[in-house]
Amino acid sequence: MTASTMPLAAASDRRSGLPWGWIAVGGVLALVAAQVYGVLTSPPDRDMGHLQKIMYLHVPAAWNAFIAFFVVAVASLRYLWKGRAADDLLAASAAEIGSLLTGLTLALGMLWGKPTWGIWWTWEPRTTSTAVLFFMFLAYLILRKFVDDPERRAQWSAVVGILGALNVPIVYMSVRWWRTLHQVQGSPMTLDSTYYIPLRINAVALMIVLVAFIAHRYRSAMITQAADDLEDRAALMEGGSRA
Amino acid sequence: MSLRDDWRRARAVALKDLTAERRSRAGLNAVTFLGVLVLMLFGFALGPDTEAMREAAVGAIWLAILFSGVLAFNRCYQLELDGGALEPLLLYPGSRWSIFVGKVLANLAFVFLVELIVIPVAMVLFHVVVPGGALAQIAVLVLGTIGFVTLGTFYAAMSSRSRSREVLLPLLLFPMMIPALLASVQASTALLSGDLMREAGAWVRLLIAYDVIFVAASLAAFEFAIEV
């Protein structure tokens, strides 16, 4: 019973903690401002023209997706170590936002790839690894949907998250070998500072949005769980003091 | 609780699974049939150009093994779940990982048997000629199969006890299999053409690293997967 009261206490603690609503609004505003700054200040690229502006969302989304995946791995490890339901919910929240960002990265990459390289998809290492990461995020979330028992779901998804994290560098290495043995893909990352500064600002702005989103999902998951626990307890008490 | 006791326990689990399989044979026959069927489908999809089929042969073999093997892994827990025997098995004294090792050994034997039929059929269907160095080919096959069976057995411990397990296992397993698939196919293809670029060795090293990492990880994590 002590375990079931803990999430509730933690949830109310969070509510009185940082003003996450304002942080989310501030993050979105900062992102909009950073986008405007990037579009206005950087000159059209010699080869890509204004298409280059996709970079200001594409690259930050990719970086932040990897941060989200890192959070999933660390929270999963912590869950297996300490067994606290809160860590599981944090991992799940990060996975939700991470899959969103990975999907965004891939979609923007395709929109960028078609006019610049003439193809929607390339089997370039980073692109391919991001796609694999996307599938692993989705498998993780689907596993959570298919398992009803909370403890079982938490334990299994933690294990899946950790093994997935181990796999990411191996996937990247193997795809890089696979491609470099055949051809070398040009990299759009050799950047001038006029592009690099807006890119950095956008990445930080998106990171604020990421953290706020994770915090929001985490809080609502905690509250949902606390409500479920209360419901269970009320059901158990029925016939006792209530009736 | 010595290592020797654990090993005996693992062997008992493996023998039990293999005996059950030997007495029914339903699983092996069905899975092998599916493997051959997948090869036929690849033939229709890629043929009739002999050269194109020969080039795609290694990939087709691996996909046939992946698609048929994935059916075997859910089955290996299904018998126990149907008979309500998984919990008693877990209640026996001794470490949990010995159960996992037993299951992996039984599945390895099973998948090797499937490969023993599927691969010769593929060589006939796709006109593959092994230019010597068959030992290296077998080593690649064994390394790839170890990674596949270990992770498959591990994820099946979870998926077989969830809703819609038939869908969940490939969703969990196949993204994890990408490096092993890539390494096995590249190494085998390089060896088939005489390994002129000397690239097979690098892929084999990757395969060994992959096997070591995931055998260790799934041994350590099996406790968490099976206890709830």
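**Figure 1. Where chain A meets chain B in this predicted model.** Let us start with the contact between the two chains. Chain A brings 30 residues to this contact, and chain B brings 31 residues. The size of an interface is often given as the accessible area lost when the parts come together. Here, the area buried between chain A and chain B is about 2,800 Å², and carbon and sulfur atoms account for 76% of that area. On the chain A side, look for Phe146(A), Trp156(A) and Leu163(A): these residues lose the most area to chain B, together giving 24% of what that side buries.

**Figure 2. A salt bridge between the chains, and the helices of chain A that touch chain B.** Asp148(A) pairs with Arg163(B) in a salt bridge, with the closest N and O atoms 2.9 Å apart. The count of salt bridges between chain A and chain B is one. Polar contacts also link the two chains, and nine residue pairs are counted, with both residues at pLDDT 80 or more. Two elements of chain A, α5 (125-146) and α6 (150-180), each supply at least two residues of the side that touches chain B. Of the elements on that side, α6(A) gives the most, with 17 residues. Sorted by class, the side of chain A that touches chain B holds 21 nonpolar, five polar and four charged residues.

**Figure 3. The largest cavity, lined by residues of chain B.** How many cavities of 30 Å³ or more does a search of the whole structure find? The search finds two, and the largest cavity holds about 160 Å³ of space. Its lining is made up of Asp17(B), Leu18(B), Glu21(B), Ala72(B), Arg75(B), Cys76(B), Leu79(B), Ala106(B), Asn107(B) and Phe110(B). To find your way around, follow α1 (3-24), α3 (50-82) and α5 (97-125) of chain B, each of which supplies at least two residues of this lining. The largest share, four residues, comes from α3(B). By class, the lining of the largest cavity has six nonpolar residues, one polar residue and three charged residues.

**Figure 4. The second largest cavity, with lining residues from both chains.** This view turns to the second largest cavity, which holds about 120 Å³ of space. The second largest cavity has 15 lining residues, and those nearest its centre are Met136(A), Tyr140(A), Val160(A), Gly161(A) and Gly164(A). Which elements give two or more residues to the lining of the second largest cavity? They are α3 (55-82), α5 and α6 of chain A, joined by α7 (165-192) of chain B. The lining of the second largest cavity consists of 13 nonpolar and two polar residues, with no charged ones.

Definitions and conventions
Residues are numbered from 1 along each chain as its sequence is written. Chains are lettered from A and ligands numbered from 1 in the order in which they are written. This is a predicted model: local features need pLDDT of at least 70, side-chain atom pairs count only at pLDDT 80 or more; totals for chains, interfaces and linings use all residues. Side-chain values use heavy atoms; hydrogens and water are left out. Contact means heavy atoms within 4.5 Å. Buried area is the accessible area (1.4 Å probe) that two parts lose on being put together, summed over both. A salt bridge is a side-chain nitrogen of Lys or Arg within 4 Å of a carboxyl oxygen of Asp or Glu. A polar contact is a pair of N or O atoms within 3.5 Å; within protein, one must be able to donate a hydrogen and the other to accept it, and residues adjacent in sequence count only if both atoms are side-chain atoms. Ala, Val, Leu, Ile, Met, Phe, Trp, Tyr, Cys and Pro count as nonpolar, Asp, Glu, Lys and Arg as charged, and the others, Gly among them, as polar. On a 1 Å grid over the protein atoms alone, a cavity is a set of points where a 1.4 Å probe fits but cannot get out, and a pocket is an open set with protein on both sides within 12 Å along at least five of seven lines; lining residues have an atom within 4 Å of a point. Grid points are joined across faces, edges and corners, and a volume is the space filled by probe spheres set on the points.
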